[in-house]
Amino acid sequence: MPENTFQISVDPAQVQHPVSNTLFGIFIEDLNFTCDGGLNVNLVANNSFDAVYMGKKNFFVWAMTFGLHGQIDLKPDRLRNWSVSGGRLESLHETPVTENSWYARVHANGKCRLENLGYNGFKKNIDASAMSIVDGKEYEFSCFIRRKDFNGVVSVLVEDENGNALTDEKTLESGSEWSQIKIALHGKKTDYGKLVLTFNGTGAVDIDY
């Protein structure tokens, strides 16, 4: 067999050790949002504007381990990881892309910027840009977008913390109905950056996924 190749033989009829009947399936302890920002290769934190986080009201790990659940406090925070300047951002559910989804509405008045730092680990890195961009590499940007009464130009790129472009900038064309856009952003410099959508104009634009 080739080097670093392994073979496992399993006989389900031959029990080697007793296993508790409360243990089953595959266990993932997603302390660092790996399932969101690692396994699915998505660089945008809370890309769907649907974030709901679990609080700890009368909830303890030891109790969950033995099936003695406390009260789990679910806290919607649908605009988490997004920041807006030069405009206003709100979370809406009316006529969404899919039945149960929420989306963001950007209200622009001149020049508005919507930013996402990516998965920076939060805590001490809460303000750090975390999207790894490599010079010469290609990155697919996609979203659903719908103009309400917006008159102007919407564009997207990745910038570093000092506002320097790490990718080229592309314009997002859209109409009055939901449409999906997929474009390629090309890396111009190797560094960590943040996603920036710029709304040059006035009015409201809906965006999701």
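Start with the charged pairs: a search of the whole structure turns up seven salt bridges, a salt bridge being a side-chain nitrogen of Lys or Arg within 4 Å of a carboxyl oxygen of Asp or Glu. Before you click on, know that this is a predicted model, where local features need pLDDT of at least 70, side-chain atom pairs count only at pLDDT 80 or more, and totals for chains, interfaces and linings use all residues. Residues are numbered from 1 along each chain as its sequence is written, and side-chain values use heavy atoms, with hydrogens and water left out.

**Stop 1: R105 and E94**

Select R105 and E94. Their side chains meet in a salt bridge, 3.9 Å from N to O. R105 sits in strand β4 (residues 103-116) and E94 in the loop between β3 (82-92) and β4, so this pair ties together parts that are 11 residues apart in sequence. Strands here are DSSP runs of E with at least two residues, helices are runs of H or I with at least four, and both are numbered from the N terminus.

Which of the two is buried? R105 is, at 10% relative accessibility, while E94 is partly exposed at 46%. Buried means under 20% relative accessible area, exposed means over 50%, and partly exposed is in between (1.4 Å probe, protein chains only).

**Stop 2: two other pairs**

Pick R113 and E115 next. Their closest N and O atoms are 2.8 Å apart, in another salt bridge, and E115 is buried at 15%.

Then try K170 and D168, a salt bridge with its closest N and O atoms 3.9 Å apart. Both ends count as partly exposed: K170 has 25% relative accessibility and D168 has 22%.

**Stop 3: the second largest pocket**

Select N42, V44, E140, F141 and S142. Of the 27 residues that line the second largest pocket, these are the closest to its centre. How much space lies in there? About 550 Å³.

A pocket, on a 1 Å grid over the protein atoms alone, is an open set of points where a 1.4 Å probe fits, with protein on both sides within 12 Å along at least five of seven lines; lining residues have an atom within 4 Å of a point. Grid points are joined across faces, edges and corners, and the volume is the space filled by probe spheres set on them.

β6 gives the largest share, six residues. By type, the lining divides into 18 nonpolar, six polar and three charged residues. Nonpolar covers Ala, Val, Leu, Ile, Met, Phe, Trp, Tyr, Cys and Pro; charged covers Asp, Glu, Lys and Arg; the others, Gly among them, are polar.

**Stop 4**

Most residues other than glycine have a negative phi. Select N81, in the loop between β2 (74-76) and β3: its phi is positive, near 80 degrees. N81 is partly exposed at 23%. T95, in the loop between β3 and β4, also has a positive phi, near 40 degrees, and T95 is exposed at 54%.

**Last stop: zoom out**

Show the cartoon: the protein has two helices and 10 strands. Of its 209 residues, 32% count as buried.
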